[in-house]
Amino acid sequence: MTSNLQFQNDVEKLISIMPPKITSSLGYDKLEDVIEIVLDIGRVPEIRHAGGKIEKIGSELITDEDITFVTSHLQEFTHDNRSGIPGTLHRISAIRNRQGKVVGLTCRIGRVVTGTIACIKDICTQGKSILFLGPPGVGKTTKLREISRLVADELGKRVVVVDTSNEIAGDGDTPHPAVGSARRMQVAQPEYQKDIMIEAVENHTPEVIVVDEIGTEAEAQAARTIAERGVMLIATAHGNSLESLIKNPTLSDLVGGIQSVTLGDDEAKRRASQKTVLEREKQPTFDIVIEIIDRNTLAVYKNASEAVDYILRGWPIRPELRKVDKEYVNKVEIPEPVEVKQPEENQMNFSFSRQKYCEQNKPLKKLYLYAVSRTIVEKLIERMDFNVEITRNVDDADIVIAHKNFAKGGAKILNTAKEYRVQIFYVKTNSMAQIQKVLKDALDIRPYDNPDTPDFCDETELALDEAKQAVKQIMDGAAVIELAPQNTQIRKLQHELVEQYGLNSTSIGEGDDRHLRISK
């Protein structure tokens, strides 16, 4: 109710500076879902709604006098052609002709929106630096504003907002109530933002600094300087995703930067990669990266270092998807210690530092299938007691399992899954062994150490672990290792596993005695 009253008061201030010819068509109710009002000389004024609808205001054309009427009620436009109304979050941006005369205005309506960070409140209170990524118009600045108030008022931290173009705390010398008790440092011109960031740390002893739109290499370096001084940094940056940020040479330093590294022959074989690879250069400036997919969906990378390493090596990485309308509680799960029995001499060691897995303690996962046998998946879920539910809507899915034939086909449903950062796993065949392996990878399941537990430690799992153990022995210097006999399907999986490590594998023997021989 308070935010509605504040919005109504702010809207009245905006209407008061509009040309008389259009004020009669504007009002609080009419502007409730409007993003901006557009005034261009020689055209009918427009209002643009949140859903994309564009509505004309009256039929009279905007004139020079109308533009002058608006600009006369504003402070001077800054170097980036932006101004505002003191005490509000509205932003007025100018379009100029070649002679520098203002010929158009975009009046962006600012709102105090609450509840947009409820789903990441537990993350915002950890004291770690957070970087927000996302396309324009998805609410990055709105979230910074609400986080500033949360950290300053509820956590009692010393917060300084470095406010370029007065985007976060509004125009005027008094910060808008939406940022709570956070202090605000204004930036005269965008190119001075990096200097104000450093000045904030050196002069005002903040515990938290909030910055909108880090866009240059100098600003990225200033952000690193702030983080290295132990100050929590909350910021946004240009880029739709973490992967695109890594590829941006100007801003990649925010997530550790990348460098080209030449590997030795043994290391390249171990990784099954080329000798020249890209690796993270240093520790990321930000501990956590959050992609804003849309106004209601966030993809959270809780460990920026790990996420960047995985992306650079081409490994699958699954961000945690969070919805604005859901609550999340930060729970730290401590795995149960498991006693690992030492293998007897000449006995194959199947333990690979496993932890005891308890599926019942895992949250329910929603699974979407694409060209994969639903019957087989349902049997596996029932037999292995997975806490999984198959959904018919990809928008609700936590993970997707699809047939590899469609990996490069540009299937619309898979493109939708990628847009929502839903992790996609591919099966090569619709066999039970293959689907079971991929399903366990998708659910991040580790079997029990007790090989007598058939639900989790079946023959496929044991055979693959035997192959892993053999690979390790080859890497440690063994010349040749022969595995136990297996059927065709399991041998195929073993071949694929060995190939990932750049080693050679050959099937030898006849009939029931056919098995793999592994060598360099």
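Predicted model: local features only at pLDDT ≥ 70, side-chain atom pairs only at ≥ 80, totals over all residues.

Biologist: Which element gives the largest share of the lining of the largest cavity?

Modeller: The largest cavity holds about 60 Å³ of space, and its lining includes Lys428, Gln434, Gln489 and Glu496. Two or more lining residues come from each of helix 13 (432-443) and helix 15 (488-500). The largest share, four residues, belongs to helix 15.

Biologist: How do the residues of that lining divide into nonpolar, polar and charged?

Modeller: Among the residues lining the largest cavity are Ala433 and Leu493, together with Thr429, Ser431 and Lys492. By class, the lining has three charged, four polar and two nonpolar residues.

Biologist: What is the volume of the second largest cavity?

Modeller: The lining of this second cavity includes Ser83, His90, Arg91, Asn166 and Asp171. By class, that lining consists of six polar, two charged and one nonpolar residues. The volume of the second largest cavity is about 40 Å³.

Biologist: Is Ser83 buried or exposed?

Modeller: Ser83 belongs to strand 4 (residues 82-84) and touches residues including Phe77, His90 and Ile92. The relative accessible area of Ser83 is 7%, and the cut-off for burial is under 20%, so Ser83 is buried.

Biologist: Which residue has the backbone oxygen that the side chain of Ser83 reaches?

Modeller: Leu74, Gln75 and Glu76 are among the residues that Ser83 touches. At 3.0 Å, the side chain of Ser83 reaches the backbone oxygen of Gln75.

Definitions and conventions
Residues numbered from 1 in each chain as written. Heavy atoms only, no water. 1 Å grid on protein atoms, 1.4 Å probe; cavity = no way out; pocket = protein on both sides within 12 Å on 5 of 7 lines; lining within 4 Å. Points joined across faces, edges and corners; volume = space filled by probe spheres on them. Nonpolar A, V, L, I, M, F, W, Y, C, P; charged D, E, K, R; others polar. Buried < 20%, exposed > 50% of the residue type's maximum accessible area, 1.4 Å probe, protein only. Polar contact = N/O pair within 3.5 Å; in protein donor to acceptor, adjacent residues only side chain to side chain. Contact = heavy atoms within 4.5 Å. Lists of a residue's contacts leave out its neighbours within four places in sequence.
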